[in-house]
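Here is a model to question, one label at a time. Each answer sets a value against its cut-off.

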Amino acid sequence: MEKSIPVSNKNVEITDSFWINKIELVRKEVIPYQWQALNDKIENAESSYSLRNLRLAAEVLSKRKRGEKTPVFPTDKWHYTPENADKNSFLGWVFQDSDPAKWIEAVAYSLQNTPDTELESLADSAIDLICSAQAENGYLDSFYTINNPDKAFTNLRDHHELYCFGHLAEAATAYYNTTGKNKLLNAVCRFADLICDVFGENGKKGYGGHEIAEMALVKLYETTGNERYLNTAKLFIERRGTRPYYFDIERGIKNSNKIDYIYNQAHLPVWEQNQAVGHAVRGVYLYSGMADVARLTDNESLFKACETLFDDIANKKMYITGGIGSTKDGEAFTFAYDLPNDLAYAETCASIGLVFFARRMLQADFNSKYADIMERCLYNGILSGMAEDGKSFFYVNPLEVHPTACKYDSRKSHVKPVRQKWFDCACCPPNLARLISDYGEYCFTENEGTLFINLYQSARTSTDKAEIEIHSDYLNSGRVEFKIKAKTPFTLALRIPFWSNHFKFSKENPYIRKGYAYFDINGDETLTAEFNPEIKIIKCNSNVRENIGKVAVMRGPIVYCIEEKDNGSNLHLLRLARNPKFNLDGEFITANGYREKEDSNRLYYEYSETEETLVKLKFLPYYRWANRGENEMSVYIKY
């Protein structure tokens, strides 16, 4: 392994108009909107109940502390509603506590970008509420606290206590690193200490059904230096998938088939897992934790398992947009090259998790293939999850949409032709907010002698090696300028994007290794890179059956699509001309194409040559689709 660490978002100032717009949209619109959603104040949106649950948990704990008896409610479901649960019980999904945690984490990163005393005060009030819901032994989960504390840690497979802890730990470390305030961090450490006691070497041999505790414990270790947290993360990973299955033990079942636990990536020990399977978000969260532990413990065999899993995703199970998880059944990976466009699940959270995984792999081995995947996801399958006004969201990100089919075909019921105001299972919007607010931390990594630039946008950063100012026209001309004020001699490594066939640098003859160009910097200088973002016609591997005879259009890192608004209905009747004569018109691409004449009313008839008319096609960036109302959309087009 060749290791590096991220340059903190605190030490990066994004000045790029493209990303500043997204970061400011999150700060000004998304974070306030989501606070309203967490408080159940969005008209005609599904209720969250998350802050309501925390308030109720605090009340219940106060009553118990006074010696009052509190009612016990069922703990046998994933989802509790006013229709199926007592009004005084927990409401919502069992993982509802994770949403306020992600909101706090998004606020923390946003405060790093732009100080805001009013927003910080609001976050402090949310932290006060969360801490008021913590039991004396450190336990902090409103579901079991309200419904039945005696059942805590009895259903790790389904009931998400370790998952909620993970998001809370990530929020606590981010908020502490931003503000220096340790109230939430102290509360989380008490909960982490309890988890270490319960699941340590001599405790229960369990691990979470929905992974994230692994990488969260690593963050807690890196923030506090407490090795118990790293050791417990390591234990969770080492135990996963070993026999007897822990999920069998907690159910009193003997010798279940390993297929039962593919969904949770708990079917095999992690070293034996050579294919990404099961719930896609859970998978990439686990793989992120594995990469963290491999790096910090110098475990080459664990890192090799991570590399195998990453390559399986990137080369066989990832959409061109960076979407993963091709089926709504289990929100899961299926099999190699199974990438249907109109049935795609491609959950926003899954692409975000893939970015987490890719960055951690980059920290363990500076190879451009990891940063390439970060870029693909960030510019396509993640940004598509949020409307341009920041007030509606996609849970799933399909590559082809026919609104009528979404309405009448139950197989496509998960696909929405317009973004939704909120979801009762609202993991994606706050996940998206925390990632975009922390964008700066994905741009640069460094080790003792080298500073790596992984993503190209206008920005300023300061490290112990240099102050660097980047002026980027990356998305337009592909030209990027680096003004360097060196503090000491060092090596600068610039990623060569996967899409750039023709590139050049103002400083000639760099050493190129694993997709990075290396330059020795011995003083102040200005360096330029030109990456030439040509418009390209992209085809799939021929094993992707849905796309035989079809292509997609890309320019630089941006995937394009066609919409009904620009090209008329029945997009399936369009094809790209053999010589399309592409033209870039602002953010849109125009091209020559053909529209097939619609057939008569007969369903079947003898074959004859298709009649076509010449048309001008208009492509827009995929992340911008569905911002002009409900209409058809397709990434792939006949060729």
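Q: How many cavities of 30 Å³ or more does the structure hold?
A: This is a predicted model, and it holds four cavities of that size. About 70 Å³ of space lies in the largest cavity.

Q: Which residues line the second largest cavity, and how do they divide?
A: The lining consists of Lys-22, Leu-25, Leu-383, Met-386, Ala-387, Glu-388 and Tyr-623. Five are nonpolar, none is polar and two are charged. Lys and Glu count as charged; Lys-22 and Glu-388 are in this lining. Tyr counts as nonpolar, and Tyr-623 is in the lining too.

Q: Why is the pair of Phe-18 and Tyr-623 called edge-to-face?
A: The structure holds 40 aromatic pairs. In this one the ring centres are 5.8 Å apart and the planes stand at 85°. Rings pair if their centres lie within 6.5 Å, and planes over 60 degrees apart count as edge-to-face. The pair is therefore edge-to-face.

Q: Which parts of the chain does the pair of Phe-18 and Tyr-623 link?
A: The pair links distant parts, 605 residues apart. Phe-18 is in helix H1 (residues 17-38). Tyr-623 is in the loop between strand E24 (612-621) and strand E25 (633-634).

Q: Do Phe-18 and Tyr-623 count as buried or exposed, and why?
A: Buried means under 20% relative accessible area. Phe-18 has 15% relative accessibility, so Phe-18 counts as buried. Tyr-623 has 6%, so Tyr-623 is buried as well.

Q: What makes the charged end of Arg-359 sit over the ring of Tyr-442?
A: The limits are 6 Å from the ring centre and 35 degrees from the ring normal. The charged end of Arg-359 sits over the Tyr-442 ring, 4.6 Å from its centre. Arg-578 sits likewise over the ring of Tyr-639, with its charged end 4.5 Å from the centre.

Conventions. Residues are numbered from 1 along each chain as its sequence is written. This is a predicted model: local features need pLDDT of at least 70, side-chain atom pairs count only at pLDDT 80 or more; totals for chains, interfaces and linings use all residues. Side-chain values use heavy atoms; hydrogens and water are left out. Rings of Phe, Tyr and Trp (its six-membered ring) pair if their centres lie within 6.5 Å; planes under 30 degrees apart count as stacked, over 60 as edge-to-face and the rest as tilted. Helices (H or I, at least four residues) and strands (E, at least two) are DSSP runs, numbered from the N terminus. Buried means under 20% relative accessible area, exposed over 50%, partly exposed in between (1.4 Å probe, protein chains only). On a 1 Å grid over the protein atoms alone, a cavity is a set of points where a 1.4 Å probe fits but cannot get out, and a pocket is an open set with protein on both sides within 12 Å along at least five of seven lines; lining residues have an atom within 4 Å of a point. Grid points are joined across faces, edges and corners, and a volume is the space filled by probe spheres set on the points.
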